[in-house]
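Please look at the sequence and the structure first.

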Amino acid sequence: MASGGVRGMREPASGELIHRMEVRIRVDRPDGAGLTPEYTPVCKRWVKVEPLGTAAYTNAQQTESKATHRLYCRHIEGLSAAHEFVARGRVYRVRRPTELGGCTVWSVVEVEELGPDVPVQSTGGGDDGQLGFG
């Protein structure tokens, strides 16, 4: 976690923590010519999901952080870019984890929405009409 934490934000109220999300670590392992993702469950948390506004999203694009949402949840020790949040079939990759107010009570996590939670084939084309080069 970044030291110092985020200041000027308020703690989420219990009624705002409405999304139950699984936190997992993703590791891509070599598998022949491609990579196969392996997931290790870390924990589950009730989370407040806040889409980033236009100004914040534009700023994120300029700094190449690609953050699309900000998540608030009870503190999770050791969050890094290897972690993902998953809920309702959507995957969010951690981009910038920190603490709220510099305390280890709440985690504030900027994430990038990756899309549906489906395995990605990295071995080339197939029956989907796409050309494969391999």
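Taking a disulfide as a pair of cysteine sulfur atoms within 2.5 Å, the count comes to zero disulfides. C43 is accordingly in no disulfide, and the nearest cysteine sulfur, that of C73, is 7.2 Å away.

The model is a predicted one, in which local features need pLDDT of at least 70 and side-chain atom pairs count only at pLDDT 80 or more, while totals for chains, interfaces and linings use all residues. Residues are numbered from 1 along each chain as its sequence is written, and side-chain values use heavy atoms, with hydrogens and water left out.

The table gives relative accessible areas, where buried means under 20%, exposed over 50%, and partly exposed in between (1.4 Å probe, protein chains only).

| Residue | Relative accessible area | Class |
|---|---|---|
| C43 | 18% | buried |
| C103 | 43% | partly exposed |
| V105 | 37% | partly exposed |
| R70 | 14% | buried |

Strands (E, at least two residues) are DSSP runs, numbered from the N terminus, and two of them pair if DSSP finds at least two bridges between them. Strand 1 (residues 19–31) and strand 2 (residues 34–51) run antiparallel and are joined by 13 bridges; within this pairing, V23 stands opposite C43 of strand 2. The hairpin that these two strands form has two residues between the strands, and there G32 takes a positive phi near 70 degrees. Strand 1 also runs antiparallel to strand 4 (residues 83–87), to which four bridges join it, and R24 has E84 in strand 4 as its bridge partner.

R70 lies in strand 3 (residues 69–74). Its side chain and that of E110 are joined by a polar contact of 3.3 Å, a polar contact being a pair of N or O atoms within 3.5 Å, of which, within protein, one must be able to donate a hydrogen and the other to accept it, and residues adjacent in sequence count only if both atoms are side-chain atoms. With contact meaning heavy atoms within 4.5 Å, and not counting residues up to four places away in sequence, R70 touches M9, K48, V49, E50, L52, V108, V109 and E110.

V105 is found in the loop between strand 5 (90–99) and strand 6 (106–116). Leaving aside neighbours within four places in sequence, V105 is in contact with C73, R74 and H75. The C-alpha atoms of V105 and E11 are separated by 9.4 Å, although the two residues are 94 residues apart along the chain.
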